[in-house]
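Hello,

Here is the structure I promised to pass on to you. Have a look at it first, and then read my notes below.

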Amino acid sequence: MLLRSIRRRIALCGVTTAVLVGLTTAGVAAPAAAAPDAFRPQLVTVDTPTRADKQLLQTLGLDLTEHAGHDYVEVVLHTAEDAAALVAAGLGYDVRIPDLLAREAENNQLNAAYAAATERSPLPSGRDAYRTLDDYNADMAALAEEHPDLVKLFTLPHASLDGRPIYGVEIGRGVQGPERGLPVFLMLGVHHAREWPSGEHAMEFAVDLVSNYGTDRRITDLVNRSRVVVVPVVNVDGFHMSRTDGELVDLRTVDEGGTASILGTPGNAYKRKNCRLVDGQDTPDGTCAIAATSPGGYGAGVDLNRNYGGYWGGPGASDLFADPTYRGAAPFSEPETQNIRELISGRQVTTLITNHTFSNLVLRPNGAAPDLVPGSEGIPLGDPYDEDALRELGDEMAAQNGYTSQHAWELYDTTGSTEDWSYNTTGGFGYTFEIGPDEFHPPFPEVVDEYLGAGEYAGRGNREAYLIALENAVDPEMHSVLTGRAPAGAILRLKKTVATSTWDASIQDTLDTTMTVGPDGRYTWHVNPSTRPVVMDRQVETVSGDPVAEESWTGTTAPLQSTDQEFAVTQDVDLLEITLDWPTPDDLDLEVYRKNADGSLTQVGSSGNFVGDKERVLLQDPAQGTYVLRVINFASATPSWTLTAALFEAETSTVPGLVENWTLTCERDGRVVQRVPVVIDRGQQLRVNLTACGRR
Ligand code: 0X9
Ligand code: ZN
């Protein structure tokens, strides 16, 4: 579990090129040329052959994308200073999209052409263009108005910083009536402003369920057995800026019949964060767009996907306001994350998907690597308690859309993300989808293809992946079920107050959900397990005592050279630890290879710490055979070093688990009549008759 998986570089622009060929752009205005000396935002591929490079890159405060692999990370350069920072750090890069604003204009043309040529797209809504925020709100309102038995429009408790209401829809049979204990499936989009397809897919899924209800048996059955809650745009302020600033302003009238058009305030098309301008201070309503024009439109704001409470403040999130991954002043400091926290705390969300773009990934918890130790817990994060089930579902979803299914941490560490909190605090399964191969908001036909599936995935795509997630949400094997008798019309409440670990401390969370007993005096309540996964008993591997074998070497390696040292493992052990130490503040890196029968080498580990820190590689259960330990000198001096390989037996210790209970109360006429502690595991059904609640 200490090894990071190596991902192949995805063929660039495959989908986009196909789209370009299939469209005519005749009649669409061309964008005006940029001032020749102005820096235009670029998407670049930064070479990061070692872990040291990745760590160095993370210190530069640049706008890193999720599109990263073993030896590269894609980065948005917003300013000339961003580019200079890469050069100064000595990191090489290739430019992939040289002018994102020109690309924005090109996409706008493609989108206009597609819309002009398309009567009705094959999407459930038939839409042929990206929605604006007004479109989302109108579509949700219309869906609820046209299907009152099936759809309820609701407003989230907190308006955005810029004063906008945030809406969602709840879908289910008899949705206007009282809650009857059905499992909740939650679908979220647009935490990050520029990631437009993430809202489109959430919204299309809502339309899909509603329009197929009553005709498609599978969908009808799923909607009857669940409540599906969709919040397509969590970050309404950011999205509105990105979506409108990316629009072309048509100048043909002032251009005397010419073809000129420009991008209106283009920098914000690639905004990521919310509209926080000063920590602790609300923005005067309606002023964010004027005030937040920071370099590239991304400098201001809090990264909402670092602001949730789960391990908040840990690795992969910044404490600097101007950084793209700024975590905010405190866990849940932002109204947008408070909304989702309150939504999830008030319902039994058994499965959720939070959509993002891009990189074709299905990511499961945890967000940070398993060997990291949060100060709040003092033991390694390890794998989630439900790893097998989480992986199985993630793999099954990824098989529908051709995405890669993996732990979120396998590309880079994150803390304070949506599922870092929701899974660990509620036990409900949570996934991040990174939609699309290569752009934050690609030409619209790609949104269609990703939703419905294309090529070998035709007829599946994210639509099928979401349906599988919904099936998981209603599957009683995957959550817990309480049943029993209780007075008709009584309110049942399940409540629990827990301490959620942030990285260094904890915050208090109260989960408080209700249902109303039906007229037959029986209830069935689909709920999350009473004990949180984070406090279940778990096995932690720690190395204790002296090595069972150890060998050391010393040497010197000239600048830009490397030295290889062979080491044989001749017994079965739990751990091989290789350390590299040297006295001068140089930057030495360590790579470890396994020597194959034919003499070729397969890399099995690497370590590249900050300048001056010593290097360490750990291999769990190393296979017997010959290893090549490679010392690489990146710096200018010629340091002498000491290399040590040591074999250890690990001690597996069990961290004793806690048992947590729900408090189940039965209320009549606003008075609590009966109170019972309930302990229930995943996959369990428990009968709790609340007969005392019926007595006068
Ligand atoms: O960095 C992020 O927030 C997500 N990538 S994005 O390019 N859309 O910004 C990935 C988050 C993955 N980590 C967790 N879900 N924990
Ligand atoms: Zn995102």
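**What I found**

Let me start with Ser359, which is buried at a relative accessible area of 0% (buried means under 20% relative accessible area, exposed over 50%, and partly exposed in between, with a 1.4 Å probe and protein chains only). Ser359 sits in the loop between strand 12 and strand 13, where strands are DSSP runs of E with at least two residues, helices are runs of H or I with at least four, and both are numbered from the N terminus. Its phi is near 140 degrees, a positive value in a residue other than glycine.

Before going further, some housekeeping. This is a predicted model, in which local features need pLDDT of at least 70 and side-chain atom pairs count only at pLDDT 80 or more, while totals for chains, interfaces and linings use all residues. Residues are numbered from 1 along each chain as its sequence is written, chains are lettered from A and ligands numbered from 1 in the order in which they are written, and side-chain values use heavy atoms, with hydrogens and water left out.

Back to the loop. Phe358 also lies there, between strand 12 (349–357) and strand 13 (361–364), and the peptide bond from Thr357 to Phe358 is cis, with omega near -5 degrees.

Glu434 lies in strand 15 (residues 429–435) and is buried, with a relative accessible area of 6%.

Now the metal. The zinc ion (ligand 2) is coordinated by His192 (ND1), Glu195 (OE), Glu195 (OE) and His356 (ND1), at 2.0 to 2.4 Å (donors are N, O and S atoms within 2.8 Å of the metal, or 3.2 Å for Na, K and Ca; water is not among the atoms, so sites may look incomplete). Glu195 is in the loop between strand 8 (184–188) and helix 6 (197–212) and His356 is in strand 12, so this pair ties together parts that are 161 residues apart in sequence. Both Glu195 and His356 are buried.

Glu195 also meets ligand 1: one of its polar side-chain atoms is 2.9 Å from a nitrogen atom of the ligand. A polar backbone atom of Thr357 lies 3.2 Å from a nitrogen atom of ligand 1, and an N or O atom in the side chain of Thr432 lies 3.0 Å from a nitrogen atom of ligand 1. Strand 12, helix 12 (418–426) and strand 15 are the elements that give two or more residues to the shell around ligand 1.

Finally, what is the phi of Asp669? It is near 50 degrees, again a positive value in a residue other than glycine. Asp669 is exposed, at 79% relative accessibility.

Best wishes

Definitions and conventions. A polar contact is a pair of N or O atoms within 3.5 Å; within protein, one must be able to donate a hydrogen and the other to accept it, and residues adjacent in sequence count only if both atoms are side-chain atoms.
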